[in-house]
Amino acid sequence: MSDEVIKTDAVIVGAGPVGLFAVFELGLVDIKAHVIDILDRPGGQCAELYPEKPIYDVPGLTVVTGQELTDRLMEQIKPFGAEFHFSQRVESLERLDGGFRLTTDLGKTFECKVVVVAAGGGSFTPKRPPLPGIEQYEDKSVFYSVRKLENFRGRDVLVVGGGDSALDWTLNLQPVAKSLTLLHRRQEFRAAPASVQKMFDLVERGDVTFKLGQVTELHGEGGKLSSVTVKGPDGTTFEQKTEVMLCFFGLTMKLGPVANWGINLNENLIPVDTAKFETSEKGIFAIGDINTYPGKLKLILSGFHEAALMAQQAYHYIYPDKKLIFQYTTSSSSLQKKLGVK
Amino acid sequence: MARITFIQNDGTERVVEAEPGMTVMEAAVKNSIPGIAAECGGACACATCHVYVDDAWREATGQPEQMEEDMLDFAFDVRPSSRLSCQIKVSDALDGLVVRIPDKQF
């Protein structure tokens, strides 16, 4: 699993707009950063929730979409060569002498002097249907993702949902499953038309069963699913036998493992001071939507400000013997050199 | 001003006043109506502001547009009266609107 340990000055948890701008502000004061995000691309909520939606309150930009803002930030931070680690979540944070060790769920390990939590509303995790008793089946018969195709070999599989994930896994699991049933509440799919066509071709050939409806109850024992009750579009119900149910209802934000890092929390937010944006733990900062302080506004522009102040304090941890002289990018030749414009 | 009644699953009702132009979701959030999470803040991107429109008001509120119908795939216990409250614009014509909040949201 874990190859060698990645040693760096700072690790930024979250690649949303504020995490990205933190790369910039840290970079200006010579702090190298690695960025980790659960999503498979930068942008956080801007990329996941509203890539095409307009944002009107980023100073200097009359209107910008979530995706465009992300792209512009990625361009802006390019000179600092931050390394990105996507599709993984930081699971644990341990204290070391003079720093921290972070480990992701993919087994990547980082050692750093400063941690910047820019995790927004938390990490994006699959939505769990609020069905009574679903907990006892999770990870045994009910899944929200496919880790290993082999786990589904020779089993009766029910895929629930109508988006790309539901369609992709229907197509990928069909050859290995004993039987595959796709359940969706309507005939239309919000997915790549080619995948939808492929699925209907498999239905035509009798290799996949497509049913209309929504799951209302789970039946089974000791975590082993035997059937589910489905409510059809006409309101009538039927029983669907299955060993495995895979649910794809999109993503929601959950605080996740941050709660176990020994940082003081206040209703799922991280209290910070407003001079350094440092948490209750020295060397761990929290910026953007995830922090709280008197007067806090969850605005991207507030997060940018917080990143700038955070970097000033982070500098003292990375370079304890040096004095930081405040400079402007407009006039400082040393900052311009870092930005690659001089 | 339009008055909107929110009915919780347990039957408790709250009547709030909403200005024309705002959305039903905004009216709910502004008045701290429980059960309307509105995680994405009204971008029609999360389906956590799901409501059931009272039958008497379904014609007045209209049908969901394509994007909203797609997003309803990510809501729980979707019914013919299901709407995302961030996509219902308040107008004087909706004075008296009644919506029910689902027992469970994702």
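How many bridges join β8(A) to strand β9 (residues 109–112) of chain A? There are 4 of them, and the two strands run antiparallel; strands here are DSSP runs of E with at least two residues, helices are runs of H or I with at least four residues, and both are numbered from the N terminus. Two strands count as paired if DSSP finds at least two bridges between them.

This is a predicted model, in which local features need pLDDT of at least 70 and side-chain atom pairs count only at pLDDT 80 or more, while totals for chains, interfaces and linings use all residues. Residues are numbered from 1 along each chain as its sequence is written, and chains are lettered from A and ligands numbered from 1 in the order in which they are written.

**The sheet in chain A**

An open sheet of mixed pairing is formed by 4 strands of chain A in the order β1-β9-β8-β7. Because β1 (6–7) and β7 of chain A stand at the edges with a single partner strand each, one side of each has no neighbour in the sheet.

| Hairpin | Residues between strands | Turn residue and phi |
|---|---|---|
| β7(A) and β8(A) | 2 residues | G98(A), positive, about 75 degrees |
| β8(A) and β9(A) | 4 residues | G107(A), positive, about 85 degrees |

Strand β7 (residues 90–96) of chain A is joined to β8(A) by 6 bridges, and this pair is antiparallel; V90(A) stands opposite T104(A) in β8(A). On the β9(A) side, F100(A) has C112(A) as its bridge partner. In a regular strand the side chains alternate between the two faces of the sheet. In strand β8 (residues 99–104) of chain A, the covered face holds F100(A), L102(A) and T104(A), whereas G99(A), R101(A) and T103(A) are on the uncovered one.

Chain A is divided into domain 1 (6–125 + 252–339) and domain 2 (128–249), with bounds that come from an automatic or database domain assignment. The centres of these two domains, taken over C-alpha atoms, are separated by 38 Å.

The largest nonpolar core has 123 residues, and A22(A), V115(A), V116(A) and V117(A) have the most contacts inside it. Such a core is a set of buried Ala, Val, Leu, Ile, Met, Phe, Trp, Tyr and Cys residues joined through C-beta atoms within 7 Å, and a residue is buried if 20 or more other C-beta atoms lie within 10 Å of its own, exposed if 12 or fewer, and partly exposed in between, with C-beta atoms placed from the backbone. Helix α1 (residues 17–28) of chain A gives the most to this core, with 8 residues. Domain 1 and domain 2 of chain A both give residues to this core, so it lies between them.

Leaving aside neighbours within four places in sequence, V116(A) is in contact with residues including A10(A), A22(A), F285(A) and M310(A), where contact requires C-beta atoms, placed from the backbone, within 7 Å.

Chain B has 3 helices and 5 strands, and from the N terminus its elements run β-β-α-β-α-α-β-β. Along its principal axes, the C-alpha trace of chain B spans about 30 × 30 × 25 Å. Buried residues make up 40% of its 106 residues.

Between the chains, 16 residues of chain A are in contact with 13 residues of chain B.

Conventions:
Two residues are in contact if their C-beta atoms, placed from the backbone, lie within 7 Å.
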